[in-house]
Amino acid sequence: MGLLLVSETRLLLLAVFGWCLGEVVAIGEESNEFTFLLQPGKSDCFFQRAIENGTMEVEYQVIGGAGMDVDFTILNPEGIPMIAETRRSDGVHVVETTVDGDYQVCFDNSFSHFSEKMVFFELYVEGERGDVGGEEEWAGLEEVDENMVQYKLEDIREYMDSVHKRLERSRQMQTVLRAFEARDRNLLEDNLWRVSFWSCASMLVMLCVAFTQVFTVRKLFDEKRRVCT
């Protein structure tokens with residue numbers, strides 16, 4: 001009985017390890033994060049492969065640069081705009097990929113002639129059933145004798161899929177919060193520079209006015225008048 005329990009535990013651990021290993025590879029292929037510098041007067045486009053009847057989620061934020069805004073567009077493989085926004089600082093869009101092919105995610109800064117923008121965006125692509133890992137990770141595990149395993153493989157897979165989706169959503173939220181923090185930090189540093197500059201300028205003006213007043217008053221009292229006798 002003890003030997004049977006050890007065997008069941010090993011099989012369960014192997015199943016979980018194989019699923020997790022497949023999920024690690026799948027996450028690297030299906031979820032991408034980028035932070036890039038968008039030059040003034042230019043636009044940059046990125047391509048993401050998506051399958052038919054799938055889902056593509058795009059989230060972007062402008063975390064640096066004057067104005068904190070860009071033009072955002074998503075084009076399907078036929079070049080038809082699906083999402084188009086003008087002068088936005090952030091956005092979240094979920095697109096149903098009805099056509100199999102390469103989708104374009106474009107950021108445009110052509111309206112700004114002097115200021116460059118730092119942009120962060122994340123792409124997350126799911127298949128038709130929302131299963132990132134696919135069926136191939138479980139193909140070999142279904143051949144295990146059911147008498148040796150007390151738990152059903154489908155139940156384990158359902159629980160692990162639920163945990164994976166929740167962890168993936170948590171990771172996305174943490175990434176978004178880091179982007180918000182970077183944007184707020186850049187904004188605070190920019191405002192700090194402005195406040196420091198104008199404070200120094202005001203201080204210099206006040207000192208000049210004070211020295212001018214002291215010099216004028218002293219000149220009035222230092223004037224020697226001639227007294228006729």
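**Terms and their grounds**

Author: Met 68 is found in the loop between strand 3 (54-64) and strand 4 (70-75); helices (H or I, at least four residues) and strands (E, at least two) are DSSP runs, numbered from the N terminus. This is a predicted model, in which local features need pLDDT of at least 70, side-chain atom pairs count only at pLDDT 80 or more, and totals for chains, interfaces and linings use all residues. Residues are numbered from 1 along each chain as its sequence is written, and side-chain values use heavy atoms, with hydrogens and water left out.

Reader: Why is Met 68 called buried?

Author: Buried means under 20% relative accessible area, exposed over 50%, and partly exposed in between (1.4 Å probe, protein chains only). Met 68 has 14% relative accessibility and therefore counts as buried.

Reader: What is the phi of Met 68?

Author: The phi of Met 68 is near 55 degrees, a positive value in a residue other than glycine. Most residues other than glycine have a negative phi. Arg 87, also not a glycine, has a positive phi of about 50 degrees.

Reader: Where does Arg 87 lie, and why is Arg 87 called partly exposed?

Author: Arg 87 lies in strand 5 (residues 81-88). Its relative accessibility is 47%, so Arg 87 counts as partly exposed.

Reader: What makes the link of Cys 45 and Cys 106 a disulfide?

Author: A disulfide is a pair of cysteine sulfur atoms within 2.5 Å. The S to S distance between Cys 45 and Cys 106 is 2.1 Å, and a disulfide joins them. Cys 45 lies in strand 2 (residues 43-50) and Cys 106 in strand 7 (residues 101-108), so the pair ties together parts that are 61 residues apart in sequence. With 110 degrees about the S-S bond, this link of Cys 45 and Cys 106 is right-handed. The structure holds one disulfide.

Reader: Which of the two, Cys 45 or Cys 106, counts as buried?

Author: Cys 106 counts as buried, because its relative accessibility is 11%. Cys 45, at 36%, counts as partly exposed.

Reader: How confident is the predictor, in terms of pLDDT, across the protein?

Author: pLDDT is the predictor's confidence in each residue, from 0 to 100. The protein averages a pLDDT of 77, and 73% of the residues score at least 70. Among the elements, strand 4 has the highest mean pLDDT (95) and helix 1 (residues 2-30) the lowest (42). Over residues 1-29, pLDDT stays under 50.

How values were computed
Contact = heavy atoms within 4.5 Å.
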